[in-house]
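Open the model in your viewer and follow the stops below in order. Each one says what to select and what is found there.

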Amino acid sequence: MTGELFDWFRHVEVAAPTVPVDEVRRLVADEFGMDAEPEAWGSQQDQNLLLRRPGGGAPIGVLKISNPVVSAAEIDLQDRAAARVAERAPGLRVPRLVVGPRGPARGRWRTSQGEFDARVIEFVAGATLMGSDYLSPRTAARIGGLAAEVSLALAGLDDPAAARIHQWDPQHALRVIETLLPDETDAGIRAEVERARDTAAARLSPIADLLPRQLAHLDVTDDNVLAPAGPIRLPDAVIDFGDVTATWAVGELAHPIASLLHHDGMTVPGVLPTVRAFHARRPLSSEEADALWPLVVLRGAVLVLSGRQQVRVDDDNRYASTALDRELRILRQAVSEPLDVVTALVRSALGLPVARPTWRGPAALALPEPVVVLDAGTTAPLNDEGRWADADAIEAGAFRLLDAGAGAVVLPAFAPVLTGARALSASEPASVPLASMLWVAGDLRRPAAEDLVHDGVRVGISGVGEVIAARTATRVTVTRDGTARSGGPDLPERVTARMAPGWRAIAGDPAPALGLAPAPTDPDDLLRRREAVVAEPQEHYYADPPEIERGWREHLIDTDGRVYLDMVNNIASIGHAHPRLVAAAGRQLRLLNTNSRFNYRAIVEYGERLAATLPDELDTVFFVNSGSESVDLALRLAMAATGRPDAIAMREAYHGWTYASDAISTSVADNPNALATRPGWVHTVDAANGYRGTHRGADAARYAPEAVERIRELAAEGRPPAAFICESFFGNAGGVALPDGYLREVYAAVRAEGGLAISDEVQVGFGRLGDWFWGFEQQGVVPDIVAVAKSIGAGHPIGVVVTRREIADRYRTGGYFFSSTGGSPVSSVVGMTVLDVIRDERLQENARDTGAHLKARLEELGERHPLVGAVHGAGLYLGVEFVRDRATLEPATEETAAICDRLLELGVIMQPTGDHQNVLKIKPPLVVSRASVDFFADALDRVLTTGW
């Protein structure tokens with residue numbers, strides 16, 4: 001090693017040192033006075049070894065044997081930079097030089113392989129993000145934040161050694177590529193790199209001299225950040241200062257971004273959290289924002305060529321060889337979208353101005369009146385199958401409007417179009433058109449060529465020849481004049497909504513060129529408006545929820561045109577927007593909807609239909625508006641019938657939000673103070689959860705005798721209960737079945753003391769369990785009172801209490817009952833239609849068969865993924881419980897929340913449930929298909945395999 005600074009262009013082929021482990025052990029003891037056991041670690045050009053205390057003990061530090069081409073001054077700079085970051089960013093864990101028994105553990109070694117500079121730096125505990133598993137937006141943002149903290153800490157640190165020249169310095173990327181390209185043996189890869197280089201160089205060259213420079217770490221990447229042990233990988237440490245150099249400051253962000261692009265599911269928009277987090281701490285200049293993606297592309301090209309060259313030089317280097325595939329994925333993902341589009345996307349995300357081609361001249365086309373702007377988005381009227389249509393059907397709709405007298409029909413650009421007409425499926429469609437589609441009722445002459453350009457903006461018309469003829473779809477675009485000639489990207493038909501802000505810089509809005517009002521460019525911040533007006537405790541799903549405005553069967557559709565699979569919405573029992581339900585409710589609304597104290601046929605017929613689904617003795621119906629109200633009324637009925645104020649409920653259950661239903665709800669997930677704030681008239685028994693409760697497995701048979709004993713104790717104390725209430729399946733735990741015979745024993749005990757049995761069927765009733773229409777049937781019992789809601793209205797607010805005539809009549813002791821809109825004409829018609837659809841479409845059978853198939857799929861996942869502790873439930877009332885340890889059943893709460901967020905990215909609506917919020921709440925509409933549940937199982941398998 002000389003005192004000269006490293007110049008990679010004089011040392012293109014650099015093999016890592018390979019000092020034998022036994023020799024390393026001896027040298028560590030002789031030179032540093034440390035008794036240590038070395039373990040080989042990977043590195044591309046240095047030799048790294050983990051030093052442990054003898055006998056496989058705790059780590060002492062990491063031994064770095066530097067490549068001999070690196071000078072002592074450069075190694076000093078690495079140590080100074082690490083110390084500087086540790087001092088100025090105390091929240092970051094950073095490895096510094098270890099002080100051993102003989103002082104700082106650094107020295108010049110003479111080895112069998114030659115002379116090397118060796119030093120021991122601190123071991124920083126944690127795991128890297130190495131590999132190509134999924135990284136969440138939170139993790140991506142954290143990496144951007146770490147890079148910004150490092151950048152701020154290193155700003156102002158000067159050192160002559162920072163003038164070193166290595167291949168990872170973005171300032172030298174083009175020269176590195178030119179050096180390595182001739183030796184690349186794969187012609188296809190060589191061509192890919194050349195295309196990427198040429199595009200990036202053209203964008204970078206005009207602004208390179210305007211980019212600020214400073215000392216940079218240059219490797220705050222997935223391999224060099226560490227996350228502490230825990231369920232969610234949020235790094236808080238930065239290691240490996242081997243690439244530190246003075247360069248363009250924006251490189252400190254470009255390199256982390258490149259390192260994310262090979263991870264599962266990562267797309268170009270997926271790195272925007274990284275960009276925003278960096279910018280929030282260390283703002284990018286306008287020039288840096290423009291340089292960012294060209295540097296990401298060049299980083300990918302250098303990684304590909306350098307990795308392949310290193311393997312050719314050092315074919316035993318597994319660290320380099322195993323990285324080849326992911327480095328190629330980085331490059332290909334970096335160039336997967338046009339560079340100008342990505343740059344505009346970045347600027348838009350940072351709130352920087354984005355120049356868009358805007359037509360400011362007179363209308364380029366004089367459209368015949370009247371002009372109809374076609375709405376093909378999520379909120380557009382659909383057909384009776386709940387679908388918009390594909391391009392052909394959109395065109396047919398335009399023709400119908402022309403036949404009805406429209407002069408011209410326009411489908412505007414940048415208005416998300418609902419796709420998937422022939423078969424809705426969960427996906428992220430390319431739903432945003434970049435051009436306006438135009439149909440006219442008569443001939444329309446093409447304008448003269450000079451009329452198509454104004455102030456450098458061009459209107460493009462395609463799809464016809466010289467005449468825009470009637471019933472011909474014409475594509476109208478707005479771009480900068482000369483876009484194609486200057487190498488700009490071709491305009492695809494449609495792009496994803498997340499890429500649309502970037503494409504707006506390339507394709508402008510054609511509306512003004514058609515004499516129409518321009519489309520809004522700023523999205524409506526509906527979530528902010530909601531949070532400003534809706535009470536904060538009235539929560540919404542997800543921290544950053546999609547705006548859902550349409551549903552169809554088991555699917556939900558957001559305003560970007562994306563379709564999601566709804567696996568949680570048991571309220572929509574017969575599916576979203578069922579045409580029979582829509583027609584029945586609409587018809588009745590046109591006839592009558594009024595106070596339920598009037599005399600009309602629908603309430604009578606609906607009551608008869610409901611009673612017919614139950615055992616004969618349950619023959620009398622009360623109508624309310626919700627599950628909470630039905631449970632509340634059931635309790636009041638029991639109290640009125642028995643003349644007693646006390647009730648017994650099962651712990652860890654949720655029953656509603658009214659005073660009485662909340663009083664018996666003891667789920668700490670819904671109310672952290674649930675048990676401590678119960679009124680004196682509420683008594684509880686143990687949650688009969690045979691999986692994670694007090695008694696497990698075969699011992700779950702003990703729950704019933706213990707509940708019976710509690711009932712008898714209360715009676716002996718002079719407080720016999722008016723009622724015992726519980727769900728017939730333990731819903732809050734994710735569909736755990738009660739132990740066999742539990743309700744038979746408990747119902748008998750409460751009745752023996754003069755009380756009544758209430759079955760809360762709000763979630764499980766109406767065929768959801770598949771083999772049973774009512775949940776209590778699984779236990780072979782008949783309750784005295786049944787409370788039900790949710791599914792019976794398919795989204796319409798209907799609640800029902802059904803009991804025996806003598807119990808209902810006793811309510812008169814406390815006055816009379818009414819619910820103004822409970823059982824209204826519309827509600828009754830809706831309820832009857834739901835019963836009709838469940839019967840006619842055999843939805844209970846679908847719950848049984850499709851539910852059994854899904855449960856089998858989920859149980860198979862449990863055989864392969866240790867996080868799956870159990871699969872609960874029956875039919876389409878299932879739960880997957882996640883645990884960190886199958887022996888201790890430690891709940892995987894944070895993991896479950898993260899899994900639900902990842903599933904949303906993959907197109908599945910899912911939420912956690914249970915007191916520990918560690919159970920997937922699987923309660924889809926009863927119409928869910930086998931293909932849809934397979935989509936869900938496959939998505940869950942992907943999440944459990946690649947991370948969350």
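**First stop: a helix pair**

Select helix α6 (residues 251-260) and helix α7 (residues 272-281): their axes come within 10 Å and cross at roughly 160 degrees. Axes are lines fitted to C-alpha atoms, for helices over the stretch in contact, with angles from 0 to 180 degrees between N-to-C directions. Helices (H or I, at least four residues) and strands (E, at least two) are DSSP runs numbered from the N terminus. The two helices are therefore roughly antiparallel, a term for angles over 145 degrees. Now show side chains: E252, L253, I257 and L260 of α6 meet T274, V275 and F278 of α7, contact meaning heavy atoms within 4.5 Å.

This is a predicted model, in which local features need pLDDT of at least 70 and side-chain atom pairs count only at pLDDT 80 or more, while totals for chains, interfaces and linings use all residues. Residues are numbered from 1 along each chain as its sequence is written, and side-chain values use heavy atoms, leaving out hydrogens and water.

**Second stop: a sheet and its helices**

Next, select the open sheet of 4 strands, ordered β34-β35-β38-β37 with antiparallel pairing; strands pair if DSSP finds at least two bridges between them. β34 (868-874) and β37 (912-913) are the edges, each with a single partner strand, so one side of each has no neighbour in the sheet.

Zoom in on β34 and β35 (residues 877-882), joined by 6 bridges; A870 stands opposite E881 in β35. Finish with helix α24 (residues 893-905), lying across β35, β37 and β38 at about 40 degrees to β38.

How values were computed
Angles under 35 degrees count as roughly parallel, over 145 as roughly antiparallel, 65 to 115 as roughly perpendicular and the rest as oblique.
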